[in-house]
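Colleague: Could you walk me through this model, please? I would like to learn how to read its confidence and its helix packing.

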Amino acid sequence: MEQAGPQQPPEEPADGPAAAAEVERLRAENEELRRHLEEADPEAARAVRRTGRWRTPLAVLLVALAVLLAPLSVASVWASRMVGSTGTYVDTVAPLAKDPAVQDAVARRITNEIFSRLDVAGLVDELAAGLQQRDVAPRAAAALTTLKGPIAQGVQGFVGDKVDGLVRSDVFATAWEQANRVAHQELVAALTGNQGGAVTVTDGAVSVRLATLINAVKASLVDNGLELASRIPTVDATFVIFQSADLGKAQTGFRLLEALGGWLPVLAVGLLVLGAYVARRPRRALVAGLLGVATSMLLLGVALTVGRTYYLHALPGSVDSAAAGAVFDALVRFLRVSLRTVLVLALVLAAAAVLTGESPSAVRTRAWLAGTLGSARTGAERHGWRTGPVGGWVWEHRRGLRIAAAALAALAYVFADRPTVGLVVGIAIVLLVVLAAIEFVATPPLAVEQREQVPAD
């Protein structure tokens with residue numbers, strides 16, 4: 001009879017206690033690894049938990065659309081302000097009354113129009129013929145005929161001086177502002193493709209009629225003893241403020257931007273926020289979008305500069321290029337201010353998003369700032385400065401106070417009548433000071449207890 005060998009222990013089924021223990025061990029190891037990942041890079045841990053291959057391409061699409069709409073949003077707000085606010089328009093064109101290039105161009109235009117209808121040499125010939133009919137000495141009549149050139153030049157110089165004096169006076173500046181205030185609706189009609197009133201659109205040119213100014217010059221000349229000015233007929237001359245062969249296209253774009261003026265900025269901001277929300281790494285998507293917006297503002301500024309050069313080179317020779325450049329700069333002044341403001345705002349928000357993130361550099365920066373403010377608070381306490389219960393309350397509510405300060409800063413920007421670069425920088429500085437004050441005043445409970453245990457001197 002064979003000797004039976006040593007008995008082997010029966011194998012445990014796959015679902016036995018050993019398998020269950022192994023599963024528990026792997027689960028605990030996975031949780032430990034996840035905890036370490038969250039401590040090292042919380043944003044990366046959140047990205048791991050976000051599943052769905054659609055998130056990244058959708059986020060890229062939304063952020064890209066927001067960046068593309070940013071310059072159109074700024075341009076639409078500019079068009080809307082120019083159309084809807086007479087005050088904005090008047091503030092835009094009023095400085096042109098003091099611009100030397102515009103003053104020179106208007107003065108030359110008025111003077112040329114007056115002398116195209118006032119034949120001084122012919123009037124001298126008529127005067128010489130009249131003297132001959134009255135039996136005045138032929139030598140006197142001949143001398144008068146010989147001097148008609150210098151007389152005409154003298155009259156022209158006299159008229160030119162009067163015109164120059166008028167366009168450089170405060171009277172002209174006031175009249176210019178009032179005329180533009182009244183003509184605002186007509187200018188809007190011109191930009192939207194309609195005609196009539198004080199502003200006309202002919203052959204791709206937007207022109208302002210000078211009849212009122214010429215009548216004022218005629219009255220001034222008569223008052224100063226030049227009766228010849230009373231013979232000047234009614235002059236329907238115009239002064240070109242904008243001329244382009246592509247004005248029809250510009251009018252179409254202007255009408256489109258005017259219609260979208262209030263919606264494009266909201267849409268652009270909404271797309272950027274939504275793109276950051278669906279992204280695997282929201283903070284990185286937000287920073288990338290804000291930097292893209294800042295870049296688009298730079299490109300818009302370059303486009304304005306290139307467009308100005310192209311516009312001036314395309315003008316006909318009859319248009320004063322210096323005056324046309326001054327008018328162009330005045331009309332796009334608000335647009336330039338807006339793009340600079342948005343550029344700085346985007347950079348400020350991008351910097352804030354980076355510094356409030358969980359990257360090692362951001363954490364070190366915040367730790368350094370907190371340590372510096374803590375050291376300053378400790379030094380102040382050594383000199384007798386005490387926050388009392390206020391410090392503890394601020395410590396407990398510091399998160400809400402930070403959010404409230406940021407919200408107030410955002411409201412200050414949103415409700416500003418005309419945001420500028422200075423306003424953005426000023427709000428950012430004030431917000432930083434307020435946040436630093438919150439961090440300075442906030443006293444941890446442990447520090448309060450240690451301070452209370454120190455016997456008073």
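Predicted model: local features only at pLDDT ≥ 70, side-chain atom pairs only at ≥ 80, totals over all residues.

Colleague: What pLDDT does the chain average?

Modeller: pLDDT is the predictor's confidence in each residue, from 0 to 100. Here the chain averages 75, and 65% of the residues score at least 70.

Colleague: Where does pLDDT stay under 50?

Modeller: One such stretch is residues 1-15, for which the model has three contacts (heavy atoms within 4.5 Å) beyond four places in sequence. Another is residues 452-457, with zero contacts beyond four places in sequence.

Colleague: And how many helices and strands does the chain have?

Modeller: Helices (H or I, at least four residues) and strands (E, at least two) are DSSP runs, numbered from the N terminus. The chain has 21 helices and three strands. Among its contacts between residues at least 6 apart in sequence, 78% join residues at least 24 apart. As for burial (under 20% relative accessible area, 1.4 Å probe, protein chains only), 34% of the 457 residues count as buried.

Colleague: At what angle do H16 and H20 cross?

Modeller: Axes are lines fitted to C-alpha atoms, for helices over the stretch in contact, and angles run from 0 to 180 degrees between N-to-C directions. Helix H16 (residues 333-355) and helix H20 (residues 421-441) cross at roughly 20°, their axes coming within 8 Å. The two are therefore roughly parallel (angles under 35 degrees) to each other. On the H16 side, Arg340, Thr341, Val344, Leu345 and Val348 make the contact, meeting Val421, Val424, Val425 and Ala428 of H20.

Colleague: How do H19 and H20 pack?

Modeller: Helix H19 (residues 398-414) packs on H20 at about 165°, with the axes 10 Å apart. That angle makes H19 roughly antiparallel (over 145 degrees) to H20. H19 contributes residues including Leu401, Ala405 and Tyr413, while Val424, Ile427 and Leu431 are among those from H20. By class, this contact has twelve nonpolar (Ala, Val, Leu, Ile, Met, Phe, Trp, Tyr, Cys and Pro), no polar (the others, Gly among them) and three charged (Asp, Glu, Lys and Arg) residues.

Note on methods: Residues numbered from 1 in each chain as written. Heavy atoms only, no water. Parallel < 35°, antiparallel > 145°, perpendicular 65-115°, else oblique. Buried < 20%, exposed > 50% of the residue type's maximum accessible area, 1.4 Å probe, protein only.
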